[in-house]
Amino acid sequence: SNDAAKAIMTTDTVEKEYALEVELDGKTVTIGGITKGSGMIHPNMATMLGFLSTDASITPELLNEALHTAIEDTFNMVSVDGDTSTNDMVSVMANGLAGNATISTEEAEGFAVFKQALYIVMMNMTRMLAKDGEGATKLLECTCKGAPDQETAIIVAKSVIRSPLFKCAMFGEDANWGRVLCAIGYADADFAIDTMDVDLSSTAGTLEVCRNGAGIDFSEEFAAKVLAEDEIYIDIDLKQGDGSAKAWGCDLTYDYVKINGDYRS
């Protein structure tokens, strides 16, 4: 019934599904996934459910390896509200019906393709989780490149995406570059801040807000157009190495407070 469906969805507002096909060993292999979660979503997963299935023929050991590799760059890089819950699960099942030669070693032909395909499915599921965060009006995607190493890039991207002040600025469509630099500055990692560039972009264009660690002049009128869109990209270049990472989140709105203020267990 519709009432039962709504109860299962809780505060999710849309169903979250993604699938793709790739060719392995001359066979078409399908990977599909569904996920659920809207609040209490924070790195290291949280109140979130993810179920993936594929018809690829692959050993359980390598399927598990592919899943754990993708988890680190997808579900563990999303934060809706900074609250980690006690509950989470992501599973993947393979039935081998595609008929490809079984992937049984890391060097096997097709394993790299399978891992990339699984990542793409899970990355899109992660974006759906962030965009449908409780009360959210905007998806935020932060990319940090030019870091001394990947770990630093991960820490910086996560720090920005989970900053309450930055999330509020994005809800208010305010190109407050200081909020970005503040979140980068208190990130628990060792790097210089006087070389970095920061851009805010959307389908309306790219707004340069920081160069070499300092704010630069920009058009408030153009900034308003860029930030009026429902998907905002924060691009950070530390210019100190080859490390890079992406993190996903959403803005912090009045509705988030209302949803959780009205909640009763």
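Tutor: Let us begin with the idea of a nonpolar core, which is a set of buried Ala, Val, Leu, Ile, Met, Phe, Trp, Tyr and Cys residues joined through side-chain atoms within 4.5 Å; buried means under 20% relative accessible area, exposed over 50% and partly exposed in between, with a 1.4 Å probe and protein chains only. The model is a predicted one, in which local features need pLDDT of at least 70 and side-chain atom pairs count only at pLDDT 80 or more, while totals for chains, interfaces and linings use all residues. Residues are numbered from 1 along each chain as its sequence is written, and side-chain values use heavy atoms, with hydrogens and water left out.

Student: How many residues does the largest nonpolar core have, and which of them have the most contacts inside it?

Tutor: The largest nonpolar core has 41 residues, and those with the most contacts inside it are Val160, Ile184, Val198, Ile234 and Ile236. Its largest share, 6 residues, comes from helix 4, where helices (H or I, at least four residues) and strands (E, at least two) are DSSP runs numbered from the N terminus. A second, separate core of 29 residues includes Phe114, Ala117, Leu118 and Met122.

Student: Which residues does Val160 touch, leaving out those up to four places away in sequence?

Tutor: Contact means heavy atoms within 4.5 Å, and with that sequence exclusion Val160 touches Cys142, Phe166, Val180, Ala183, Ile184, Ile234 and Ile236.

Student: How should I read the packing of two helices?

Tutor: Two packed helices are described by the angle between their axes and the distance between the axes. The axes are lines fitted to C-alpha atoms, for helices over the stretch in contact, and angles run from 0 to 180 degrees between N-to-C directions. In this model the axes of helix 4 (residues 150–161) and helix 6 (residues 177–185) come within 8 Å and cross at roughly 135 degrees. Angles under 35 degrees count as roughly parallel, over 145 as roughly antiparallel, 65 to 115 as roughly perpendicular and the rest as oblique, and helix 4 and helix 6 are therefore oblique to each other.

Student: What is the handedness of the crossing of helix 4 and helix 6, and which residues meet there?

Tutor: A crossing is left-handed if the near helix is turned anticlockwise from the far one by less than a right angle, and right-handed if clockwise; helix 4 passes helix 6 in a right-handed crossing. Val156, Ser159 and Val160 in helix 4 meet Val180, Ala183 and Ile184 in helix 6. By class, this contact of helix 4 with helix 6 has 5 nonpolar, 1 polar and no charged residues, where Ala, Val, Leu, Ile, Met, Phe, Trp, Tyr, Cys and Pro count as nonpolar, Asp, Glu, Lys and Arg as charged, and the others, Gly among them, as polar.

Student: At what angle do helix 2 and helix 3 pack?

Tutor: Helix 2 (residues 60–73) and helix 3 (residues 111–131) pack at about 45 degrees, with their axes 9 Å apart, and they are therefore oblique to each other. Their crossing is right-handed. Among the residues that make the contact are Leu63, Ala66 and Ala70 of helix 2 and Phe114, Leu118 and Met122 of helix 3. The residues of this contact divide into 11 nonpolar, 1 polar and 3 charged.

Student: Is Val156 buried or exposed, and what does it touch?

Tutor: At 0% relative accessibility, Val156 counts as buried. Not counting residues up to four places away in sequence, Val156 touches Cys144, Ile184, Ala187, Phe191, Ile236 and Leu238. Cys144, whose place is in strand 6 (residues 139–147), is likewise buried, with a relative accessible area of 0%; with the sequence exclusion again applied, its contacts include Ala153, Val156, Ala157, Ile236 and Leu238.

Student: Where does Tyr256 lie, and how far apart in space are Tyr256 and Glu134?

Tutor: Tyr256 lies in helix 8 (residues 254–261) and is buried, with a relative accessible area of 15%. Tyr256 and Glu134 are 122 residues apart in sequence and 5.4 Å apart in space, C-alpha to C-alpha.

Student: Which backbone angle deserves a look at Glu173?

Tutor: Glu173 has a positive phi of about 55 degrees although it is not a glycine; Glu173 lies in the loop between helix 5 (164–171) and helix 6 and, at 36% relative accessibility, counts as partly exposed.
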